[in-house]
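Here are my notes for you on this one. Keep the viewer open as you read, and go point by point.

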Amino acid sequence: MKAVCWWGKGEVRVADVPDPEIINPHDAIVRVTLTAICGSDLHLYDGYVPTMMRGDVLGHEFMGEVVEVGREVKTLKAGDRVIVPFPICCGRCWFCKTNQWSLCDNTNPNAWMLEALNGYGGAALFGYSHLYGGYAGGQAEYVRVPFADVSPLKIPAGLPDEKVLFLTDVFPTGYFAADNCNIKDGDTVAVWGCGPVGLFSIVSAKMLGAARVIAIDRFPERLRLAQQAGAEILNYEDINILDQLKDITGGRGPDACIDAVGMEAHGTSPDAIYDRVKQAMRLTFDRPHVLRQVLQACRKGGTVSIPGVYAGFLDKVNFGAAFAKGLTLKMGQAHVQNYTRLLLEKIERGEIDPSFIITHRVSLDDAPEMYRTFRDKADDCIKVVMRPS
Amino acid sequence: MAEETYNRANERNVSEPERWGSVIFGSALAAYGLKKRSIGGSIVAALGGVLVWRGATGQCPIYGGLGISTVPEHQGQQVSVPYGKGVRVEKAVTIDATPETLYTFWRNFENLPRFMHNLESVEVREGGQRSHWVAKGPIGTSVDWEAEIVNEVPNELIGWRSVEGSKVDNAGSVHFTEAPGARGTQVKVVLRYDPPAGKLGALVSRILGEDPAMQVQEDLRRLKMLIETGEIATNESPSGRK
């Protein structure tokens, strides 16, 4: 079959690879009908996530049709149309049972690597390095989906792929980020980064009752979408974000701040330039410029929610600010499975059409060019979806 | 807890004949070195001095570091791996199942190779107290031994050890304790064994990526997967590497 493979820093290839097969009794094989490139795939593309190997199949946002199921699969059958959340979850361990899906104990055969780094390891993810399990991803014609009864969600006929594909990651991740803000009536939420996760954080913060949402980015096309989603917008290249946030919240600061950027932040201040140099010299995996701002900007007793991906040790982060202001920090890979049904219902009722973020519709063969375009934010690129055939 | 190796300080680890050899050769080396009256000569002399000291005290720091002893052993009757010898590994995992389920599963030793990847097979002998174990040794070899159950409390613990005269002296126990807050059962494994090539063998196999502590940890992870989900996760996947 055809699959998008990581070939080294800054290089992906569409390669011919063997078809996946049922290996374990709870596996299913899904024929992919639509898949997307995620902002977090760019961290792999740019070489900032360790343990990628040449030839690894990428992609963790995908949906399609079940073509084969293992003998223990009870709820799915060939022909079912499903979306597949990006964390691979067993559904049986204490973490899955307590709805902390992305922390699943039983799906990552390489958990020892994460244990060495972080003390304990979490769920495996599709197509996201050997650290996160080494499973082949969904930017391919077919995918083996372990524990097929647990995470995949059946999609009713009549809903087009583009409306439901983002239930696999970016929509629930944005919703999770907003949910983590513990929003109360009248709250102001500031969102750094208006990529797909940032945009869905804005939408979700509104759904969860935020009175005001303030969106921060520098790309006009992204700020435009944020505005359409109901946010007030700030371009960090034009103004001092910290001063401006203080002013427009009456000197109080936002009640909650969402860092939807993560480890490859861009900025114009001296600390951002320092980060770039360090990352270029491979002295750090992370450029935590946004995190520094978020900790500074948040009001006393507020909540900082971090859906943006961080990979390691952070430098020059004012943890003292978090302590002195009594901030609550919430973060992690989203527990996607907690939100898929809820959000599917919202889509079915027409409350939201998540396809508004799509800017590029291409074939899988165009992946190498699209990774480049997406990374460079060229051609007003916000979200790329790819059809395998 | 990881893995411990035992090195007792101030313990003789050089045999009687070797001590005499060490003193004689060391003295000769020292005399030769001193005669040279050069930097190289003084290094040789110092080395000779160390050998004399080694012979006089019967202690060799290099043997100590490698866990080697050339002093003959007087092995006790009761323990298969004498206290202070060999490699000790202790690991624990919490599994969402009752102590009874886990005890029953483990007590049938023939289940062990399903999650212990370095075991090729275990065959339980008639009567159920003795069993024959075949394991993968370092660098593609295989080793086998006969084990017997030495302690057993249903649903709580099982202790076993290799019988006298086994090629690999080893002893192990597994303890099942109910975890607080209905979180299942804590399974703790303690293994102690004398690797085929002594501690040097353990060191070599660790360099080759067969670290015993790591093996036990991964075995327990697979046991948890098997008991909780009925399968062991695999990332066997298509890739551009074919």
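1. First, a word we'll need: a residue counts as buried if 20 or more other C-beta atoms lie within 10 Å of its own, and as exposed if 12 or fewer do. Keep in mind, too, that this is a predicted model.

2. Let's start with helix α1 of chain B, residues 16–36. This helix has 21 residues and reaches 31 Å from its first C-alpha to its last, close to the 30 Å expected at 1.5 Å a residue. Which of its residues are buried? They are B:Arg19, B:Ser22, B:Gly26 and B:Gly33. Look down the axis of α1(B) and you'll see these buried residues fall within an arc of 65 degrees, so they line one face of the helix. Here's the background: an α-helix has 3.6 residues a turn, so residues three or four places apart point the same way.

3. What do the two sides of α1(B) look out on? The buried residues pack against α2 (39–57) of chain B. After the helix comes B:Arg37, with a positive phi near 50 degrees.

4. Now zoom out to chain B as a whole. It has six helices and eight strands, and along the sequence they follow the pattern β-α-α-α-β-α-β-β-β-β-β-β-α-α. Of the 242 residues in chain B, 28% are buried. If you take the contacts in chain B with a separation of 6 or more, 54% of them come from residues 24 or more positions apart.

5. How many residues does each chain bring to the contact between A and B? Chain A gives 34 residues and chain B gives 21. On the chain A side, β1 (2–8), β2 (11–16) and α3 (111–118) each supply at least two of the residues that touch chain B. Sorted by class, that side of chain A has 18 nonpolar, eight polar and eight charged residues.

6. Following α12(A) is A:Gly350, whose phi is positive, near 80 degrees.

7. In soluble globular proteins, nonpolar side chains tend to be buried together. The largest nonpolar core here has 122 residues, and those with the most contacts inside it are A:Val30, A:Val189, A:Val191 and A:Ile202. Strand β3 (residues 28–37) of chain A gives the most to this core, with seven residues. A second, separate core has 18 residues, among them B:Tyr103, B:Tyr193, B:Leu220 and B:Leu223.

8. Last, pick out A:Ala28, which sits in strand β3 of chain A. Is A:Ala28 buried or exposed? It counts as buried, because it has 25 C-beta neighbours inside 10 Å. Leaving aside neighbours within four places in sequence, the contacts of A:Ala28 include A:Val66, A:Val69, A:Leu76 and A:Val145.

Note on methods: Residues numbered from 1 in each chain as written. Chains lettered and ligands numbered in written order. Predicted model: local features only at pLDDT ≥ 70, side-chain atom pairs only at ≥ 80, totals over all residues. Helix = DSSP H or I, 4+ residues; strand = E, 2+ residues; numbered from the N terminus. Expected span 1.5 Å × (residues − 1). Arc of directions from axis to C-beta. Contact = placed C-beta atoms within 7 Å. Nonpolar A, V, L, I, M, F, W, Y, C, P; charged D, E, K, R; others polar. Core = buried A, V, L, I, M, F, W, Y, C linked by C-beta atoms within 7 Å.
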